Amino acid sequence: MCLFGANVMACGVCWADAAVQQGAAPAPEREASALMPPPWDDALHIEISPGAWFARLRGTTQLSPGSVTLDAETDLSVNSNETSFTGEAWVSWGGFYSVGVSGFSFETSGTGTSQVTGTYGSMAVSAGDTLSSSFDAWMVNVEFDYTIWRPFADQVTPWSEPSGRKPQAAGPGGSSADLRFNAIAAAGWLQTDFSTSNSTAGGSESWDRGAFFLQAGGGVDLRINPGSTLPIFKCIDVGVAGGVGTSFTRDEYIVFVRAGITGYVTPNVGVEFGYRLLNFEVSPGSGSNWDGSIQGLYGGMSVRF
């Protein structure tokens, strides 16, 4: 489960199960990890995860100081569930490091009835007016995940020496779980566009805002070997991550949260399910803003090499 974050490395338990299914003869303890590359070695691993985000928009907008505040739900009706594309590509190495590129594209529209009276920019608005609106957003993000602690691994931290104990799933007696605590650093471009028109009184307004955000956060990732409990899966990956970011402009910020689970039906192919939230405030100009979120369930697949 990539979750815009660090779980891209291959599960040693998956490789071990694959060898057993193929009837491989038991290997000496020292050779097991060499024959079945585990996630903590120095090999390069790549994972690609296309998916769909079943998300909805929440939030409010002002266009100028003193303008009315329009609500995405009560005034604009642009809060319906939409199916949006999202995708990720990750490269990991060394057991503690991974870099990924992720992105999404979201759009929604609706026709609502204004609950407020005033002006939105140059557009006059009265309670009861019909407003037709649309909102679009897309984002491209580059993220670096640094695993700072792996309590079940042979090498617990990037700066510690190997303990000499058997690594995960390297043979009889090896741990069937891999727990990771990750630090996250990211940078991305968020583009938002909004337009609305008053079908009752006439007039329209629109704005767009693109901003570069620096982000920091953390996450926890747990990979387990389900064994005979869920034999359909070779490995199960559960992850939770979150963080905050800023554009250093007009109090703009973003907050991201992601949680999900991936079940690998083969050592290389998994199915994902989870939840994602991107909360943000963007300001197209002084005294104007959109403060809200895109949030919803997520589903997709994961293919690793």
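I take buried to mean under 20% relative accessible area, exposed over 50% and partly exposed in between, with a 1.4 Å probe and protein chains only. With that in hand I looked up Phe135 and Phe280, and both are buried.

**Ground rules.** I note that this is a predicted model, in which local features need pLDDT of at least 70 and side-chain atom pairs count only at pLDDT 80 or more, while totals for chains, interfaces and linings use all residues. Residues are numbered from 1 along each chain as its sequence is written, and side-chain values use heavy atoms, with hydrogens and water left out.

**Confidence.** I began with pLDDT, the predictor's confidence in each residue, from 0 to 100. The chain has a mean pLDDT of 85, with 82% of its residues at 70 or more. For the elements I rely on DSSP runs numbered from the N terminus, where helices are H or I with at least four residues and strands are E with at least two. Confidence is lowest in helix α2 (residues 32–35), with a mean of 31, and highest in strand β2 (residues 70–71), at 98. Residues 1–40 have pLDDT below 50, and beyond near neighbours in sequence this stretch has 112 contacts in the model, a contact being heavy atoms within 4.5 Å. Residues 167–174 also stay under 50, and here the model has 22 contacts beyond four places in sequence.

**A residue in β2.** I then looked at Asp71, which has its place in strand β2. Asp71 counts as partly exposed because its relative accessible area is 23%. Leaving aside neighbours within four places in sequence, I find Asp71 in contact with Gly59, Thr60 and Leu76. The C-alpha atoms of Asp71 and Gly112 are separated by 9.9 Å, and these two residues are 41 residues apart along the chain.

**Salt bridges.** How many salt bridges does the structure hold? I find eight, counting a side-chain nitrogen of Lys or Arg within 4 Å of a carboxyl oxygen of Asp or Glu. Side chains of opposite charge can pair when their charged atoms come close.

One of them joins Arg276 to Glu88, with the closest N and O atoms 2.9 Å apart. This pair links distant parts of the chain, since Arg276 is in strand β12 (residues 269–282) and Glu88 in strand β3 (residues 82–93), 188 residues apart. Arg276 and Glu88 are buried. I also see that the charged end of Arg276 sits over the ring of Tyr298, 3.7 Å from its centre; for this, NZ of Lys or CZ of Arg must be within 6 Å of the ring centre and within 35 degrees of the ring normal.

Another salt bridge is formed by the side chains of Glu143 and Arg258, at 2.8 Å from N to O. Glu143 lies in strand β7 (residues 130–149) and Arg258 in strand β11 (residues 253–264), so the pair ties together parts that are 115 residues apart in sequence. Glu143 counts as buried because its relative accessibility is 3%, and Arg258 counts as buried because its own is 2%.

My next entry is a network of salt bridges that links Arg150, Asp178, Arg180, Asp221, Arg223 and Asp237. Within it, Arg223 forms a salt bridge with Asp237, the closest N and O atoms being 3.2 Å apart. Arg223 is in strand β9 (residues 204–224) and Asp237 in strand β10 (residues 235–246), 14 residues apart. Asp237 is buried, with a relative accessible area of 0%. The charged end of Arg150 sits over the ring of Phe96, 5.6 Å from its centre.

**Strand pairing.** I count two strands as paired if DSSP finds at least two bridges between them. Strand β7 and strand β8 (residues 177–198) pair in the antiparallel sense over 18 bridges, and Ser133 stands opposite Thr196 in β8. Strands β8 and β9 run antiparallel and are joined by 21 bridges, with Ser197 opposite Ser204 in β9. In the hairpin of β8 and β9, which has five residues between the strands, Gly202 takes a positive phi near 85°.

**Aromatic rings.** Last, I find 11 aromatic pairs, where rings of Phe, Tyr and Trp (its six-membered ring) pair if their centres lie within 6.5 Å, and planes under 30 degrees apart count as stacked, over 60 as edge-to-face and the rest as tilted. Phe135 and Phe280 form a stacked pair, 6.5 Å centre to centre with 25° between the planes. Phe135 is in strand β7 and Phe280 in strand β12, 145 residues apart. One aromatic cluster is formed by Tyr120, Phe135, Phe194, Trp207, Phe280 and Trp290.
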